[in-house]
Structures are given as C-alpha cells and as structure tokens.
Amino acid sequence: MDFILNGRKTQLPEGDPQTTLLDWLRAEGLTGSKEGCAEGECGACTVLLVRPRTAEKKTLSQYVPMNSCLLMLPMLAGQEVFTVEALATTAGMCEVQRAIAEGGGSQCGYCTPGFVMSLFAEQYRPGRVGPCDPHSMGGNLCRCTGYRPIQDAALSIGPAPDDAFRARLDQPAPTAIPFASKRFHRPGTLAECFQLMAANPGARYVAGATDVAVESNLRDLRWPLLISTEALVELQVFTETTGQIEIGAGLSLSEIESPWLTAPRAFKEWFPLFASPLVRNRATLGGNLATGSPIGDAAPLLLAFDASLTIAGPSGRRQVKLSDFFLAYRKTLLAPGQLIVSITIPKPFPQLARFFKVAKRQLDDISTVAACFALACNAAGQIERAGIAYGGVAATPVRVTAAEQWLVGKQWNQKSMEQAQTIVATALKPLDDHRGSAAYRLAMTQSLLAKFWHEQSEATA
Amino acid sequence: MSNVGQPQPHESARGHVTGEALYTNDLLNRFPGVLHAWPVMSPHAHATVTAIDVIPALTIPGVIATLTEAPGEADSGPNRHDEPLFPTEILFYSQPVVWVLAETLEAARLGAAAVNVTYNQLPALVTLDDAIAADSLHSPPLRMNRGDATEAIAACTHKLTGELRIGGQEHFYLETQCALAWLDESGGVSLHCSTQHPSETQEIVARVLGWPKNRVIVECLRMGGAFGGKEVQANCWAAVAALGALKTGRPVSVRLPRKLDMILTGKRHPFLAKFEAGFSSQGKIEAAKMSLYADAGWSLDLSEPIVWRAMFHADNCYNIPAIDLTGYVVKTHKTSQTAFRGFGGPQGMLVIEDIADRIARTLGLAPEVVRERNFYREGDVTHYGQPVKDAARISRIWAELKESSEFAARRTAISDFNSRHRHTKRGIAITSVKFGISFTATMFNQAGAMVLIYRDGSVQVNHGGTEMGQGLQTKIRQIAADGLGVEASAIRLMPTRTDKVPNTSATAASAGSDLNGAAVLDACRKLQSALTTVAVELLKCATVKFENGEVHGDNGAVIAFAKLVESAYRQRLPLFASGYYRTPEIHYDPATGQGRPFFYYAYGAAVSEVELDGFTGAMRLRRVDILEDCGQSLSPLVDRGQIEGGFIQGAGWLTLEELVWDAKGRLATNSASTYKLPSWAELPEVFNVKMLERAAEPGVVFGSKAVGEPPLMLAISVREAIRDAIAAFGAPRLIEIDSPATPERIYFAIERIRN
C-alpha cells in the first residue's frame, strides 16, 4: 500500500507498525517536522492530511493538521500527507511563512514549522471568511515569542491564493479503506474486528491513537497487533431525530463539532476545552470514553446528559447507560473484543446545562476538575430532571445521583442549589495529585455548582 | 547607519518557517552508522551502587557497547568536580549510572533495561524544608549587608516578618538536550552540540577523554531554545557522546527525549525566603533582613552565582538603608538546578516586591505609592557598593508608563467594576525592574571574534556567541554590516565553533550582543581601517566612507567594496582580523560582598491588569503595558520579541508552571501533559510594548542595552495584580500567596480574605 507524500506517491515502509510518521519523516531527511514532546502536546511535528471536507461534501477536500508524533505509519495507508517542506515553492515562501517570518513570529524556530502548518490549514479552511483565527494554532506551543507576533501574522492573512494547494481542495480526498499489514489491520467490518481480536491475544483496538500512540511513545508499550477502527463506517454515523442524537464512536471531536451547529451550549463550551485543535482533529469520542480515564472530559458532559452507549462484541450488541459504564480506575464494561459503536443522547436536551473545566492552564490542559450540570425545569420553575456529573474527583467519572434525586421536584433557586452542594460535598472523596489537592477538588465540586447558579440566574435576571 | 537600529526579521527566519534551518538532531542521517545512547537510571533518589552487570545488555539485538568508565576524569561538574558520569553514590532519582549504545534508540532503551544494577538505598532529602533542617548545604552561607539591619528594624515604627515560597521552572526549550560526536580525520573528536557554551563543552569533553582541548572541536549550529538550561547542562550529554564515539569508533548521538530531559536536567531554583522588614508610616523601607534558601539539587552547578544574583537583586529598584542578606545553597536529592533567564535575580526581586505589597496593605496605602516612595534616586548606592547609574530612569519610566497605560483612570474603573461584581474581581499593579548587566564572575566578561573577507567582497563572521533564538546573529549581522559598510546580504554568520574563536564565555547573562557584538565590531574596524588606507590611495582622496558595499571618497569618487578588497589582496594585505572585547571598570569581591559587579543596569516597568473568578481562582490577563529600557535598540523587532517572550515566560513561572516532586524524589510533572507552559490562553488581551526613547548607553556597542533577561521580571506585575484583585474580595489585610499563583492558590487566598 502507498500513500501520497508532498504530492508524490510513496511506498509505505515495512517494519515496526508503531513507528511514528514523525520518526520516519526525520529518518528520510524531512527534518522540518520536529519532536518537542512525542505526546501531541506541543505541535512542533504538525503535518497536514488531506481529508474529505464534510459528510455532505465528500467529493471535496480540506487540510486537517495533525500531530505526526501520534500517527503510526500504517495509519497512513492510502492517505495523503503534506509536510512543511512542501509549502515553499520556487516562487518563494507561502503567505503564511512570509507573515510569520517577517513579523518576528520565530525566535528559536524549532516550533515554527508546526505553527506554519496549523496556520496554513486555517488559511485554506473551506468557507473561512475574514482573517485567520489564531486559535487554529491552539495545539502549538512556543516558548520564545509569547505568541503576540504569531497572532498578528494570523490576523494579517486573508483568503487562500488561487494556487495548486487551493485547487487540490476541489478534488476528492482519500478515505480510510480496509488495509492489513504486519501487526496492523484496518478491517472494514465489525465481524472482522472480533475475529482478529479473538485470534490475537494482546491485540489492541486503536482509533485516533491520541492515547495509544502516547502509550507507545512514552510508556514504551508494544502490541502484537493493532486493530484500527478507522475503516468501520458504522462508527462514523451522525444522526439526529426528534427523540435523540446518535454520534458514531469513531468520529473525531472536530468531525462532531463542525457539522453540529445546533449543539447545546454545554457542548459548545466543551469542544474548545477538549485538548487542542490538533488532538481534536484525531481523537474520537468513543476513544475518550473507552480509555475509562477519570479525567476524560467527554464523560462528565455525557453523563449529565444521560447518554447511552451502543456496545458491540462477538456475542452481539447492546445498549448500556453511560452511568453504568465506568467500573473502576480505567476499567469499563467493555469485555475483551468489545468496542463502542455509538453514543446516544436523549432529546429534548435539558434547557439549563453548562460545562465547566478547572485546570492550571485554561486551554489545552487536563482537568483538575471537570463538571457538567444539566437541569430541565417545567413552566413553574420546578426541576424535573437533573444531571450532575464530574471528572477528576474519583477513580472514574461520576454522577452524583444523590444530589440529582434530591433536586428533582425542587424549585430552581439558590437554596436548592446550595443544598445540592452540601450533598455533593458528602458524596465525593477526591484525591491529591500534581494537578490539584483533594481540598481544592472538593471545593470546586461545590463552587462550580454555585457558579452555575450564579451565571444562570444572572443571565435570566 | 543602514542596518543597526532597523527592525529586521530573525537572521534565520526563512529557515525557521520552511523547516530548512538545521538543529543538531536534524543532522543524524548525515552520519552513517550513528549509534544512539540511553541511560540506565537509578530507581532511588539516594543510594550507593553496589554492583553493576552490563553483560545482559550486550545480548540485546542491536546493542553495541556500554559505557561505564572514561579514559580521563569521568566527571562533568563545571566548577567543583561533583558530577560523576558513572556515580557510585546516587544523588537524585533517575540519575544515570551506565549508558548503553545501540543501532537504534529502541535497542539502546531495551539494553539499558537489561543492565542489572544493585543499590543500597539511603535516606533522601527531597524537600527544601527537610534539607534545611538537616543543614544540608553545598557551600557555607553567602552574606551581603549594609548597616545594622537588626538594630534598624528594632528602631522602626512598623515591622513585619514573613515567608514566601517560590517555585522553580522547567526551561522547556522546545529542542531538548542533544549532542552528536564522531572521531575526525586527524586524531580528534568533533561534536555538534546544542550548547550555550561550546568552550566549556569542549573543556568537559577533553577532561572526560583525558585529552588536551586542541583535540576537541565543538560546533553549535543553533539551539531550539535554551534559556540558561544549556549553559552548563549541555556538557554531560556531549561528554557521553564523545566517550561513545571514542569507544566504538562510530558517530554517537545523545538526545534526551522530553521526559528524560525533564527528569535529568536542572531547572530554575525553587526558593524559600524568610524575611523581616522595618518601615515608616509613609511606607519607606528603613531596613530589611532576608534569608534566601535556594533548592540547588544534587550538585553545585551554578548555584552559588545564582544565589549571589538573587542577593544583588533583593533591593530591586529600592534604596534600603540597612539590609542584611544571607543566601543558602541547599543540597537536596533532586535534579541539579541551574541557570534560567534571570539567574536568581527574579527570585530576589520577587521577595522585595512581596514585601512592598505587604507594607502597603499594612499601612492602607496603594502598593504603587509605597513602591514609588522607595525608589533609588540619582547618586544613590546599592547595598553592595555600586552607584546606581541612571537611577533617575526608574522614576522616568514609572511616570511615562503610568501616563501611557492610563493607570489612574483604570484604578478608578477597576474599583467601580469590583463594587458591582461579587464573584469576579479585577486588580492592577505596576512594578519596575533594575537588572544588573555583566557576569558577576568578572573573568567571563570577555569575547572574541574572527572576521574573514574573501576576494569577492563576501564576508564570514565568527564569534563566540551562540544563537538560541534570542536574535544574536541578527544583531551581529547588523553590527558587522555597518562595521564594514557592506550590505547585510554580503555577510555570512558562521555556526559557533571552538576552532574559530577559542576560550569563549557562555552566551548568557543577557550579555551576548554586548560582548560578542563589541568583539565583532572591533574586528570590523581593524579591517576597515586597513582598507581605508588602500581606498584613500585608489580614490585619491583624503577620507572615505564605507556604505552599503560601496566606498565613497570625499572627492565624490566611488569604488565597490569588492573591488577595494581585491586591490588590497593584490597589495598583499591581510583580509582577516580578530576582534576582542572586555567589559571595563567591573570588579567584585565575594569576601566583602562589595564592588561594582555590573557595567550598567537595564531598567523597565510594566502595568498588568487581571480578572479573577472567585468561584475557581481562574485568572485572565486583561491588559499589559510595558516600557523597557533597551538603550538605543540594535534591532527593534528582535528586542520587542525578547520583551514579549520574556514577559510571557515570567508570567508562566509566576502563575502557571508548577514543578511537583513526590515523596520518593520523582518529578511528577515530567511531561508536556503534566507541566504546562503558557499557551494562547495566557496571551494578554491587550499587549502594549514600548521602548524607552533617548536612552543610548555610552560605552556599549552602538549605544544598546541588554534585553534577554530583564523583561522576564516585568511579569512580577502580573502576580502583584493578582494580589490586588484578591484583596478586592474582602477587607484590607495582608495577601499571602506562594508562587506560582495557580488557580488553586488564588482560590484559597480568596477564601482566606473572604473569611
């Protein structure tokens, strides 16, 4: 199997399937992409993948920036990749390069190619109007400049020029089609997944690899077989009816965010706080839940919205409540071989719903505490349904059902919310770690409820 | 001048944005057969090594060799030789014991895992408090004083005592430590190394190999950031690479992946400060006593001069008649803390700024009033006996910045906002910086250069400075272009090499362009002077002017620089020159704590405005205004970058970046996902940066001033604005908050003030 690298058909190398695209590019002499962290945090290795534009516009393309340190080589089978080496032509630097270079946007220069790639994708983003959004570079870290000149460069850049890169977007993009190589399979059906899993003890499912590749790069885990879910069309659904919304477990966060214009406010608050754009372009909703991490940000949101999961395995498929899914620290209901097919959120959505995240850094950080509160009230202001869920305060993401049950039937007012805080305080026993003390976490579980009340009541006042 | 003083993009900007600019590790595939190294790391913070068995490693496919000894002295300690490469006593968690070389990094790692080392675990001093209690010090306490502070405090109307804990900071240069060594063609070893101090890297490599220095060449192309972290701590990895090359005959690469870099290399020193101060009812500080405990980690490194610099800056901009400072270089079983932009200065300044705010809140005065009342005036002398040159600039900058930032009006607007919001409060603060420029070890204040002109008029410039992103090469090119009177495009800046200019100093202490720029200018002037003689004859004129690649006679005649050079060659004149510079007038005696350690001071001030969320302690930086004294800026775009970047880095240190070690001495924040440096969210919503006008500094190259470090300390204004906002949540009282002011610390400080 081949892939297209900087416009040229390139043989996908044999060898260790856990080799990252970054390591391979650098070994090939394409050293413009740098390693700063090898865990998708710094963006110095950013490359562009040519991907289908949207579900509706499959015949058109877009440039999607990703961390090449989190892409394993076989994942690129059939894909199309651009690295920083492709951007400057004989005519000179591209607009993004010129703007960053001339405006003082590079100092040591090591992170710069990554910024260039993210901003280039932003310049060529279909449908963009006005200046480039600096937050498109939210997955790129710079230790030298303090970002101001890079921001100014972004704001100075207008529409994409009429060039070959622009023309490429009018052509279809490759999709992830079934593929198999040594120690890496990308089957097209769930049945094949289950067979492979049964036949290969120790095999591991992988979707966007934003977690799996970190385990590979930093914790040195090696698997006899990786089974990619990327060619499973069943995991790519996005269907909304009057009664529910079903989101395929294999959709990346970006693929959920961009078409879902009518998403509730809590979801719109959650998207930009979830990791960084580079990670959101790759990380899947199913993956975020399946890791069972107590600090995954999707869980508290979906718990408060009373979501369910469709789980499939060799013995069939079933629906489970997300609130029953998390068993213990990084342990879930998923039995060996099973995977999440989709996430279903019931409608109507509760009208009072907010997502909060407390972290040391406001963007692209891991939660100290994450919380989602979702209340539905009747015309008389009585609470009919309550969802109160947290991340970062226990071994698993949790719903505080005692507080939820107590709230049902109560008036939506300060007194009720204060009582809910008291119940939450007795229900949770968070721990100390490097992100925050137990005392702070416990204080936040209550304080965020107070903030929720304060901001909602102020908004209605 | 057509180059100096012009805003020019970074000399390598094109290379940066295209990915063509090369860093040490980008060169690997130019070295066939290169081996990769991985350390065997101790699982204890303190232990003795009782046995080592490397044989199992050699059975791992791809493993070529292990390193357990050196032909020379196996120690990379820069001053005191206290950093054994192959230690028998382990002094910090993860300390390398043995190195494994293999065909791939993976094989080296597996080989290291196979080495059997047995340890006898010993009790470890992990926390600063435990080490202080155990009297664990690297050196006797350092002292500096003026007058009798104890007596003066006793005589004061008001007194306070307090403590401040100051966190360290990870450099997080995007390019981690790396070195590449190979045996050259004539009996020597050559290295590419990401180092701020190629000459010292050369020295350590020579020491470890047991060779004279002339057999070692170190080259630094450029660094992907350094910030002090590669001033001495690049040496160890270079020594391992050289040792590996010598043992195997093959090129050897040592590159620390991020986690190794974080757990093995030193950081900015965490400090504990204990202080007392006496002051008048008007807020005048009459006397101060400070004990500064620096958590130096396992080896001495540069900790002594760092603590000295903290003591030199414990006055910041304030004239304190009686002062008594004691500095402790505390030995703990942690990474060996090292140079980091500001070099102790930030910690010293933070303490006195913390005290200033405490005095203000004790007296019910605005903090800016207390600060202003204590400023040095013209003619004042510091506690170490140095006259405060240009002291009037402190007040001038203060006044200009207060005006341009609309400080008074914003104070009123903020009070108004705060009275209308119960859970959200804003705060504002103005703080200033006086930072001494020069290495306090006087001998390092020298630099050399070598400028070569070829017959076609093209020029190569060599000097001892290294490029780490700070724009040194950009400035040097401007200096050389004007120094020779040629176009900037005629000049090629050469990578820093120890075989071009010997015995150089580290590129550090903000002095890179002061020292190397002056040395390059010296060489250019020698060459220009020689060429002038030729030109005057050729053009038949009395005087000539070199400008943009042409030489103009006072009679109107013109000759191209290249033609003049060719004529000089034909007349058999040398077309190369060395340049040299040493900073005049500086001296310092550590025994008495007195002298003139600094050639001049760099001044600046900043106003920061923040907003705090009382529910979470989250902080938003709303606006920053900076006025910085860069002298006559050599390169305004570069200097602005230093000011902005330094400020944000300082804000990260003070509000966000937190190092956490666990009880075993393991660094818990050992990756980019657990240690957070500023991202887009930390960029202030409004960021106004200006440079002081009419500020040329006599005696410094083209009237410029150093700018690398001083702006970092302007970020103290962010911390002080946070304290101002915290105060708005309750009744007036002291705002005690340790550093960094993370959301958690802010939240609990608000809770204290509310109750």
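Chain B of this predicted model is divided into three parts: domain 1 (31-123 + 171-264), domain 2 (271-440 + 590-754) and domain 3 (446-582).

**Domains 1 and 2 of chain B**
- The centres of domain 1 of chain B and domain 2 of chain B, taken over C-alpha atoms, are separated by 37 Å.
- Where these two domains touch, domain 1 of chain B contributes 24 residues and domain 2 of chain B contributes 23 residues.
- On the domain 1 side of this contact, 11 residues are nonpolar, seven are polar and six are charged.

**Contact between chains A and B**
- Chain A supplies 63 residues to the contact, and chain B supplies 60 residues.
- On the side of chain A that touches chain B, the elements giving two or more residues are α2 (95-102), α3 (112-123), α4 (148-155) and α15 (438-460) of chain A.
- The largest share of that side, eight residues, is given by α15(A).
- The side of chain A that touches chain B comprises 30 nonpolar, 21 polar and 12 charged residues.

**A strand pair in chain A**
- Strand β12 (residues 308-313) of chain A and strand β13 (residues 316-321) of chain A run antiparallel and are joined by six bridges.
- A hairpin of two residues connects β12(A) to β13(A).

Key:
Residues numbered from 1 in each chain as written. Chains lettered and ligands numbered in written order. Predicted model: local features only at pLDDT ≥ 70, side-chain atom pairs only at ≥ 80, totals over all residues. Contact = placed C-beta atoms within 7 Å. Helix = DSSP H or I, 4+ residues; strand = E, 2+ residues; numbered from the N terminus. Nonpolar A, V, L, I, M, F, W, Y, C, P; charged D, E, K, R; others polar. Pairing = 2+ DSSP bridges. Domains from an automatic or database assignment.
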